[in-house]
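Here's a quick walk through a few local features of one protein model. Have the sequence and the 3D view open as you read.

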Amino acid sequence: MSEGEAAPAAASEQSPTAAGEQGSRNLAMRVVAALVLAPVAIALAYLGGIAWSLLVTLAAIGLFAEWLMVTGLGREFRVMVPGIVALLLAGFGLMAGRIDAALVVLGVGAVVVALTSGVRRNWAIAGLLYAAAAEIASVLLRLDPAKGFAALMFVLLVVWVTDIGGYFAGRSIGGPKLWVRISPKKTWAGAAGGFVASLLVAACFAAFEIGTAGPLLMLGAVLSVVSQLGDLFESAVKRRFGVKDSSHIIPGHGGLLDRLDGFVAAVIVAAIFGFLRGGADGVGRGLMVW
């Protein structure tokens, strides 16, 4: 998330000093968590293959479980179990290079989830599709042996610097709010700061001849905006159900949904771009080679 989402009532009860101390502690936890998790993600992304696919599968299962908890279905095991099984089997299919089998399994899983989820059927199906799309897109993007790692790192870095740039620009500049009803602390300055940071990433990739400047700048801009929209989308879902954090699994960040919302949106759009230009086995090339 690019900026914290403390509840307005809680914020109003805190003194400026207490709020500042809490913000400093939260920032410290965010930094420590990032320093631990980012190298692990990069290492597994570099290895690719089963290592990356396994990480993605576990993350997709976590996303689905947290989505159900946010939407009030977390204790409905008749909904959670078939969704988790479908994501796990789809992950095995992706590891074996059987994208067709993965899609079939996910389709069956969606039907079972729809039949068992009752009045919140639409939310349950949406959660499974959200996690499944992230799973498939993340694996397909890395699958390309020529440009898969570069494409994946481009998406990861754009999302990360959009987050970091938005956080610091929003806190230091302040100004008009971006969308108060959905995310009270996000500002236009933060959105602009994240956007500019993403262009710097694109420029660095072009400087090291990992792609062409014009298309990379365009992609960086699009993925930065998409990442921020993904952030707002997850905030809107949480606000709809009166939830502040999707979980507390990551210190300073909340849950996997809180941490990966921007990446999920960005990697799905990136994979669509790459697939349309390079096909299922050339998603990385399709994204990076213009």
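How many residues lie between β1 and β2 in the hairpin they form? There are three residues between these two strands. Bear in mind that what you're looking at is a predicted model.

As for cover, β2 is mostly tucked away, with four of its five residues buried.

Here are the elements that come up in this report:

| Element | Residues |
|---|---|
| Strand β2 | 183-187 |
| Helix α6 | 121-143 |
| Helix α9 | 213-240 |
| Helix α10 | 256-278 |

Now for the helices. The axes of α6 and α10 come within 9 Å and cross at roughly 60°, which means α6 is oblique to α10. Their crossing is left-handed. On the α6 side, the contact is made by Y130, A133, A134, A137, S138 and L141. From α10 come L257, D261, F263, V264, V267, I268 and A271. Sorted by class, this contact has 11 nonpolar residues, one polar and one charged.

Last stop: S227, which sits in helix α9. Is S227 buried or exposed? Its relative accessibility is 5%, so S227 counts as buried, the cut-off being under 20%. Setting aside neighbours within four places in sequence, S227 is in contact with V159, T162, G262 and A266.

How values were computed:
Residues numbered from 1 in each chain as written. Predicted model: local features only at pLDDT ≥ 70, side-chain atom pairs only at ≥ 80, totals over all residues. Heavy atoms only, no water. Axes fitted to C-alpha atoms, helices over the stretch in contact; angles between N-to-C directions. Parallel < 35°, antiparallel > 145°, perpendicular 65-115°, else oblique. Left-handed = near helix turned anticlockwise from the far one by under 90°. Contact = heavy atoms within 4.5 Å. Nonpolar A, V, L, I, M, F, W, Y, C, P; charged D, E, K, R; others polar. Buried < 20%, exposed > 50% of the residue type's maximum accessible area, 1.4 Å probe, protein only. Pairing = 2+ DSSP bridges.
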